Amino acid sequence: MATAKGKATLDGKVVTPERMKDDNVAVTGVTGNPLTGEEGTTTSYACGIWVRLQPLKPGRHTLIIRGSSGGFRTGVDYTLIVGTDQQA
């Protein structure tokens, strides 16, 4: 963690990452979400360089994350599709 660095962009705008160590993180999702599969909020453990996002507007978003620590490098590109919370 001492040499860990990270950067991220959301829809082309820089998002400031934060260093987390021994932190609890609340994750809120809808039914069928890929993280928990269930609707509601769950608490998980976090350690590393993280980016927290405010709720996104409906539509398509691009999140790009790059990180490194010593000789290790990682990167992910996400396409996030946010629906509306309207119910029929």
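**Entry 1**

In what order do the strands of the open sheet stand? I looked at the pairing and got 2-1-5-6 for the 4 strands, with antiparallel pairing. Strand 2 (13-15) and strand 6 (72-82) are at the edges with a single partner strand each, so one side of each has no neighbour in the sheet. On average, neighbouring strands here are turned by 20° against each other, direction ignored. For that angle, axes are lines fitted to C-alpha atoms (for helices over the stretch in contact), and angles between N-to-C directions run from 0 to 180 degrees.

Two strands pair if DSSP finds at least two bridges between them.

**Entry 1: what I am looking at**

This is a predicted model, where local features need pLDDT of at least 70 and side-chain atom pairs count only at pLDDT 80 or more, while totals for chains, interfaces and linings use all residues. Residues are numbered from 1 along each chain as its sequence is written, and side-chain values use heavy atoms, with hydrogens and water left out.

I checked confidence next (pLDDT is the predictor's confidence in each residue, from 0 to 100). The chain has a mean pLDDT of 87, and 95% of its residues reach 70 or more. Strand 3 (residues 18-29) has the lowest confidence, at a mean of 83, and strand 2 the highest, at 97.

I then counted elements: 6 strands and 0 helices. The C-alpha atoms fill a box of roughly 50 × 30 × 15 Å along the principal axes. Buried residues make up 16% of the 88 in the chain. Buried means under 20% relative accessible area, exposed over 50%, and partly exposed in between (1.4 Å probe, protein chains only).

**Entry 2: strand 5 and its two partners**

I went through the bridges on both sides of strand 5. Strand 1 (residues 5-10) is joined to strand 5 (residues 59-69) by 6 bridges, and the two run antiparallel. K7 has R66 of strand 5 as its bridge partner, and A8 stands opposite I65.

On to strand 6, which 11 bridges join to strand 5, again antiparallel. S69 is bridged to F72 in strand 6. Strand 5 and strand 6 form a hairpin with 2 residues between them, and G70 in the turn has a positive phi of about 60°.

Which residue has a positive phi although it is not a glycine? I found D11, at about 55°. Most residues other than glycine have a negative phi. D11 sits in the loop between strand 1 and strand 2, and its relative accessible area of 40% makes it partly exposed.

**Entry 3: the largest pocket**

I looked up the largest pocket and got a volume of about 1,800 Å³. Of its 42 lining residues, V27, T28, L53, L56 and L80 are the closest to the centre. Strand 1, strand 3, strand 4 (40-50), strand 5 and strand 6 each give two or more residues to the lining.

Grid points are joined across faces, edges and corners, and the volume is the space filled by probe spheres set on the points.

**Entry 4: some residue pairs**

Buried or exposed: what is G48? I have G48 as buried, at 9% relative accessibility. G48 is in strand 4, and its C-alpha is 6.4 Å from that of K21, 27 residues apart in sequence.

I81, in strand 6, counts as exposed at 63%.

K57 is in the loop between strand 4 and strand 5 and is exposed at 67% relative accessibility. The C-alpha atoms of K57 and T84 are 8.3 Å apart, at 27 residues along the chain.

Conventions:
On a 1 Å grid over the protein atoms alone, a cavity is a set of points where a 1.4 Å probe fits but cannot get out, and a pocket is an open set with protein on both sides within 12 Å along at least five of seven lines; lining residues have an atom within 4 Å of a point.
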